[in-house]
Amino acid sequence: MGSGDCAHDGRGGVKTLFDRLWDDHVIVTRDDGAALLWVDRHYVHEGSHHGFRAISARGSAVAQPALTVGVADHYVPTRERQAIADPDIARMVATLGDNAAAHGIRLFGLDNPAQGIVHVVGPEQGLTLPGMLVVCGDSHTSTHGALGAYGFGIGATEVAHVLATQTIWQKKPARMRITFTGKAGPGVGAKDMALAWIARLGTDGARGHAVEYAGDAVRALGVAGRLTLCNLSIEGGARCGMVAPDQVTFDWLRGRPFAPADFDAACEGWAQLATGSDAVFDREVTIDMAEVAPIVTWGTSPEDALPISATLPDPAREADPARAARIAQALDYMGLMPGRPLESVMVDQVFIGSCTNARIEDLRAAAAVLAGRQARVPGMVSPGSSLVKAQAEAEGLDRIFIDAGLDWVGSGCSMCVGMNGDLVAPGKRCASSTNRNFRGRQGPGARTHLMSPAMVAAAAVMGHLADVRPLLEGRL
Amino acid sequence: MTGWTTHQGRAVALPLENVDTDQLIPARFMSAPRSAGYGGFLLHDLRRDGEALRPEFPLNQPQAQGASVLVARRNFGGGSSREAAVYALVDAGFRVVIAPSFGDIFSGNAVNNGLLPARVPEAEVERLLAACPTELVVDLEGLTIAGAGEEIGFSLDPVWRQKLINGWDDIDLTASHKAAIAAYAEDRRARAPWVWPKV
């Protein structure tokens, strides 16, 4: 662990978890406060081509190819993966392969049985571990904080810098703790916890902050739930999100392909990665789980989130004209009537997938709702990784989805971002387990409602936005 | 990247909150090489109905042509890390975006491309929005925006201010720390050998 640590037992000190991770990675700090940080793990994907081109133009090599890992996810097809039909997409996937080969970078390409979405594959392989600093040219790199790592998304110029130097310049963000007290009710999970805080604080509510999630309800989450919670940190504007590693983390990591050889010794060190009891945060937010119900988004920003039992907002009832205008614009884009119950909103299709909610636990939660039932609308299930897909098939979950009438497809970013051609058609409404309901996110004119995988399954079964809880009776 | 200290140009209003990166450049354009120019992708879907430009959209109006300063509402550039959102603004001729708040990753990307993300309090942004289109002078030394009959201040991280003024390239800056990086790497390998995965 870092030097100058005044904690005796890892919990009695004045440092936060984030302080420990930060201090542990500082190489130099300039007078103006910018610090040069060491990068333990750099994930690259097809979209990282700008960064590779930049270092090639300078004649630079990749400084630490062993610490750089390529994953094909953003553009990969989810069907007919052997011969990619679209030449632009084929070129993007091939370019990643070429760059990985040229620089000696480990690649989880389309032909790799462990291929998948970078934020699923990294943790799953044990390539992300507690105490690491993790970057990737993707904003959802905040996901990796679930294992007690400092993970954040970077742009292409920074990708080039990390490739060339294995370091990154950063200003230290402020510290924020979001504590979830109490116990999650039935049908309530990490997605609802995340949307609850983002709805309360806004999409820029945690801007400039490193968020640590704490409290009994966070401790009660498995690693999959923690990954979901940290994944969505960026949707509230946070620089990163993290959960202090504990026995749940260690049990989950043990035996992963890239876990340390001397695992128990590593765990002893990782157990020190915690916020001291005397540590002070720049900002504290507490959310009582008694107030967190299954949540869906209604608008075009993740902050437009309400409990499923609520009604759509009415701009006529808003005192602030700017806010009224924004609500009216969002409702107009979404094709929704003010004041109507959320449960009355009919959906055209569903999607279960993405780095947010496509791990095996997510698929099990959706399958628990869909088992023995029919989806009233078409939909697609894209597992978070090819290993998750194999696991789900071993458990028979694929049959549940297929028997319900949903398509069971390969792993990738798919319909969350639509780069691979998996699109929601203009004007169509999709209940989606993804992370962004931005205008056009799932395709031009697409209308996205974000929710948990179980709630997506409920929408599929009912044909409209629906409360999953009655559908879970007798099944939990 | 070349540095700059003052910029004079026409400001155009984009009176929207949460102009996210997916609005700034829809994902489907991001496989294009930068050499093709990203300006035409800027706010592509907001500017159009199908393929036809919406005449009422602010950036489509005649007075917006040649504008280099964009004024918008809170949380500009939230969302994805796509630097292509900045490429689209820069290639369309923008040098400054003024808003009450910005996405963190967007701001860093902007500065890395010489685009200033100037944070201005909400009330003053509303006044600027009302005054647009208008000629503004933005001064990085004094952190001021002058025009529309007044001078207002803006906030910017001092590290980013220096970077914009000097046109610094981070890779060049980092080269001077080569020895410290090598020493750190050796120490890191001793403390956390698992960071270097087995082949």
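How many residues does the contact take from chain A and from chain B? It takes 68 residues from chain A and 54 residues from chain B. Before I go on, please note that this is a predicted model.

I will start with the interface. The size of an interface is often given as the accessible area lost when the parts come together. Here, chain A and chain B bury about 4,900 Å² between them, and 55% of that is on carbon and sulfur atoms. On the chain A side, the residues that lose the most area to chain B are Trp38(A), Arg58(A) and Arg207(A). Together these account for 11% of what that side buries.

Now the polar side of the interface. Between chain A and chain B, 33 residue pairs are in polar contact. The side of chain A that touches chain B draws its largest share, seven residues, from helix 5 of chain A, residues 156-165. Sorted by class, that side has 29 nonpolar, 19 polar and 20 charged residues. As for salt bridges, 10 are found across the interface. One of the salt bridges joins the side chains of Arg326(A) and Glu17(B), at 3.2 Å from N to O.

Next, helix 4 of chain B, residues 104-111. Why is this helix described as largely enclosed by the rest of the structure? Eight of its eight residues are buried, so helix 4 of chain B is largely enclosed. The buried residues include Asp104(B), Phe106(B) and Asn109(B). What do they pack against? From chain A, the buried residues of this helix meet strand 7 (150-153) and helix 5. From chain B itself, they meet helix 1 (21-24), helix 3 (84-91), strand 6 (116-119) and helix 6 (158-166).

Last, strand 2 of chain A, residues 35-38. Both faces of this strand are covered. Ala35(A) and Leu37(A) are buried on one side, and Leu36(A) and Trp38(A) are buried on the other.

Strand 2 of chain A has two pairings to look at. With strand 1 of chain A, residues 26-29, it pairs in the antiparallel sense over three bridges. In that pairing, Thr29(A) stands opposite Ala35(A). The hairpin of these strands has five residues between them, and Gly33(A) takes a positive phi near 100°. With strand 8 of chain A, residues 167-170, strand 2 also pairs in the antiparallel sense, over four bridges. There, the bridge partner of Leu36(A) is Trp169(A).

Key:
Residues numbered from 1 in each chain as written. Chains lettered and ligands numbered in written order. Predicted model: local features only at pLDDT ≥ 70, side-chain atom pairs only at ≥ 80, totals over all residues. Heavy atoms only, no water. Contact = heavy atoms within 4.5 Å. Buried area = accessible area lost by both parts, 1.4 Å probe. Salt bridge = Lys/Arg side-chain N within 4 Å of Asp/Glu carboxyl O. Polar contact = N/O pair within 3.5 Å; in protein donor to acceptor, adjacent residues only side chain to side chain. Nonpolar A, V, L, I, M, F, W, Y, C, P; charged D, E, K, R; others polar. Buried < 20%, exposed > 50% of the residue type's maximum accessible area, 1.4 Å probe, protein only. Pairing = 2+ DSSP bridges.
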